[in-house]
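Dear colleague,

Please find below the structure that I promised to hand over. My notes on its packing and its aromatic residues follow.

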Amino acid sequence: LRAPKALSPKQIMFIIKYKKIFLSLSIFLMVVSLIFIFAFGLKPGIDFKGGALLEVEYAGIRPEAAMVENAVKKLDINQALVQPTGELGYLIKTLDLSEGEHQTLSKALSFDGKYPATEKGFTSIGPSVGSELARKAVLSIVFVILAIILFITYAFRKVSHPVASWKYGVITIVTLLHDIIIPAGIFALV
């Protein structure tokens, strides 16, 4: 690994010369991303909304994803998501399953012995646990943001002229939000 090259004075002057364009583009991307987030919303995983995650692995050859999706649909399991994993496995994410539904799903994924499947793991998270995790995640983010602002305020306490040191912390949080909001907007769109 090599250290990244520093910008040359010519590159720095280019950025400064066209700073209004770069700032406008950045603000535009943030606004569009926020619109996507509020219009489409972020899709939380089973960790936050509750549900079940079943991982199966096939011996020898893996059936087509369409076959697995059809087997799951025949069982009337709503909102099931089938994802290939590894060379021979699938992850099946569903809403919360009872033990009976879990056993029926595991049996159906063997396709009557045509594709012998072994269950590699099963996780079930209730919606109350998921909402508790979401609440704790938001609380943790708030505390981390405050800690960053306080740390930067302390670190830059002697460099406070002409800008107050706490403003450096706020600017840092704004740039972090910029780097989070744009990818989150893309994920909301997809």
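Leaving aside residues up to four places away in sequence, L109 touches L54, V56, Y58, V68, V72, I92, Y115 and A117. Please bear in mind that this is a predicted model. L109 is, with I92 and L105, among the residues that have the most contacts inside the largest nonpolar core, which has 15 residues. Two or more residues of this core come from each of β1 (51–58), α4 (65–74) and β3 (89–94), and β1 gives the most, with four residues. Another core, of six residues, lies apart from it and includes I37, I181, I182 and A188.

Helix α5 (residues 99–108) has H102, L105 and S106 as its buried residues. These lie on the same side of α5, because they cover an arc of only 100° around the axis. In general, an α-helix has 3.6 residues a turn, so residues three or four places apart point the same way. The cover over the buried residues of α5 includes β1, α4, β3 and β4 (117–125).

Turning to the aromatic residues, the structure holds five aromatic pairs. The ring centres of Y58 and Y90 are 6.2 Å apart and the planes stand at 80°, so this pair is edge-to-face. Since Y58 belongs to strand β1 and Y90 to strand β3, the pair ties together parts that are 32 residues apart in sequence. Both Y58 and Y90 are buried. The charged end of R62 sits over the ring of Y90, 5.1 Å from its centre. Likewise, R157 has its charged end over the ring of Y154, 4.0 Å from the centre. Finally, one aromatic cluster is formed by F14, Y18 and F22.

With kind regards

Key:
Residues are numbered from 1 along each chain as its sequence is written. This is a predicted model: local features need pLDDT of at least 70, side-chain atom pairs count only at pLDDT 80 or more; totals for chains, interfaces and linings use all residues. Side-chain values use heavy atoms; hydrogens and water are left out. A nonpolar core is a set of buried Ala, Val, Leu, Ile, Met, Phe, Trp, Tyr and Cys residues joined through side-chain atoms within 4.5 Å. Buried means under 20% relative accessible area, exposed over 50%, partly exposed in between (1.4 Å probe, protein chains only). Contact means heavy atoms within 4.5 Å. The arc is that of the directions from the helix axis to the C-beta atoms. Rings of Phe, Tyr and Trp (its six-membered ring) pair if their centres lie within 6.5 Å; planes under 30 degrees apart count as stacked, over 60 as edge-to-face and the rest as tilted. A charge sits over a ring if NZ of Lys or CZ of Arg is within 6 Å of the ring centre and within 35 degrees of the ring normal.
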